[in-house]
Protein chains: 2
Amino acid sequence: MIRLFHVPLSPFCRKVRLSLGEKRLEVELVEERYWQPSREFLRRNPAGKVPVLKMNGRTLAESAAICEYIEELYPDPPLMPKTPEGRYEVRRLVAWFDDKFNAEVTSKLLHERVTKKLMGKGYPDSRLVKEGAQAIKYHLDYMGWLLDHRRWLAGDAISLADFAAAAHLSALDYISDVDWNRNANVREWYAKIKSRPAFRSILADHVPGFPPPPHYADLDF
Amino acid sequence: MIRLFHVPLSPFCRKVRLSLGEKRLEVELVEERYWQPSREFLRRNPAGKVPVLKMNGRTLAESAAICEYIEELYPDPPLMPKTPEGRYEVRRLVAWFDDKFNAEVTSKLLHERVTKKLMGKGYPDSRLVKEGAQAIKYHLDYMGWLLDHRRWLAGDAISLADFAAAAHLSALDYISDVDWNRNANVREWYAKIKSRPAFRSILADHVPGFPPPPHYADLDF
């Protein structure tokens, strides 16, 4: 039995859910309000963060390390290329989204608009929201440029890099913060990834008090 | 020819330098003031960060992806264990230091005390410095606890996890921000890692205007 402690809109949790889904591994999802951590939760992960995955009797933390571990245990279908250069590029892009995109975009939009409210920490800081809304344009352009040369973000096969990016963009799409008209490549890429079976659970997410816009779960958005 | 664009006290650059050193790969170091990026530098890395490594005709960014790439091309001596569980633990700890430790400690001490001044951004914020000085205690205790059970941080062999940790601690030691008397395990671990040939270039670093304390390069500190 695989169990994932998560919050629905966390891109880091979504990346792990997408990896598990692509490998057809069934998972029980347990919502964890990590900002009100229970003693039991802190025992599971001293870092006090989600995702935390229970699998094969182990308790695992850190989303990138978890995804590489899943990949090594269940290499089929592959989410990492065979060559060192290909794997390097996947890891570079996963870090791009989880570090840079997260700091410049996700934390400024999702955290300000949703997480702060859920945590009872008040209203969005409009300066940060404006910065995030500006920065996402540059990132969509960068993705569009990559997709000019490649079928998927890191090369010609789907990889963890696509799931890292889609995890952030889907969470932002839930709050209508992605302009899908900005770049045709990115829109086409998202339509392809959104229609994968692994994406179904993500599209079914519903956060009380924050209803998703109608296009969120629409494969023909 | 391998060339690394870096800044001397950056833990992310130091981790790459230690990896290269352990593999006995010679590298030419080029100092890059990434906060005044040249056009040429931004062409090398659109993220505008260091480290950037030029190797085998490729330009590589993102320190964790770089270290895994070096490991795959030059597996001897190994810095990653053979089992998926062992590799998971190394990656978890690398993320622990580069994300959590960096956010809670390094960014509050090193950035406030040194980088801000180099960037011409004024004086340290004493509230942040106090927070960093408090948080490092908890991290040293966590390392001490790991080393109660293991010879090195991620297991019985030296790994990228040790170099990630040593990269942060050595940069903080340069500004006398590590209390080596707090935990005997950690002190002993640092003495072991400090005496490795790969560490020599790190111990020879000298930042103008910030002379290191005498114990910094002393193997018998």
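A salt bridge is here a side-chain nitrogen of Lys or Arg within 4 Å of a carboxyl oxygen of Asp or Glu. With that criterion, the count between chain A and chain B of this predicted model is 6 salt bridges.

**The interface between chains A and B**

Begin by selecting Glu72(A) and Arg87(B). These residues form a salt bridge across the two chains, and the closest N and O atoms are 2.9 Å apart. Polar contacts may be displayed next: 8 residue pairs, both members at pLDDT 80 or more, are in polar contact between chain A and chain B.

Now colour chain A by secondary structure. The elements giving two or more residues to the side of chain A that touches chain B are β4 (58–61), α3 (63–73), α4 (84–118) and α5 (126–149) of chain A. Of these, select α4(A), from which the largest share of that side comes, namely 10 residues. Sorted by class, the side of chain A that touches chain B has 14 nonpolar, 1 polar and 10 charged residues.

Contact involves 25 residues of chain A and 25 residues of chain B. Between them the chains bury about 2200 Å², with 59% of this on carbon and sulfur atoms.

**Backbone features in chain A**

Move to the loop between β4 and α3 of chain A, where Glu62(A) is placed. Glu62(A) is not a glycine, yet has a positive phi of about 75°. Most residues other than glycine have a negative phi, and most peptide bonds are trans. Next select Asp76(A) and Pro77(A), which are joined by a cis peptide bond with omega of about -5°. Pro77(A) is in the loop between α3 and α4 of chain A.

**Chain B: a cis proline and a helix pair**

In chain B, select Val50(B) and Pro51(B); the peptide bond from Val50(B) to Pro51(B) is cis, with omega near 0°. Pro51(B) lies in the loop between α2 (39–44) and β3 (52–55) of chain B.

Finally, display α6 (residues 160–174) and α7 (residues 184–194) of chain B. How are these two helices packed? Their axes are 11 Å apart and form an angle of about 95°, which makes α6(B) roughly perpendicular to α7(B). Select the residues that meet: Asp162(B), Phe163(B), Ala165(B), Ala166(B), Leu169(B), Ser170(B) and Asp173(B) in α6(B), against Trp189(B), Tyr190(B), Ile193(B) and Lys194(B) in α7(B). By class, this contact has 7 nonpolar, 1 polar and 3 charged residues.

Key
Residues are numbered from 1 along each chain as its sequence is written. Chains are lettered from A and ligands numbered from 1 in the order in which they are written. This is a predicted model: local features need pLDDT of at least 70, side-chain atom pairs count only at pLDDT 80 or more; totals for chains, interfaces and linings use all residues. Side-chain values use heavy atoms; hydrogens and water are left out. Contact means heavy atoms within 4.5 Å. Buried area is the accessible area (1.4 Å probe) that two parts lose on being put together, summed over both. A polar contact is a pair of N or O atoms within 3.5 Å; within protein, one must be able to donate a hydrogen and the other to accept it, and residues adjacent in sequence count only if both atoms are side-chain atoms. Helices (H or I, at least four residues) and strands (E, at least two) are DSSP runs, numbered from the N terminus. Ala, Val, Leu, Ile, Met, Phe, Trp, Tyr, Cys and Pro count as nonpolar, Asp, Glu, Lys and Arg as charged, and the others, Gly among them, as polar. Axes are lines fitted to C-alpha atoms, for helices over the stretch in contact, and angles run from 0 to 180 degrees between N-to-C directions. Angles under 35 degrees count as roughly parallel, over 145 as roughly antiparallel, 65 to 115 as roughly perpendicular and the rest as oblique.
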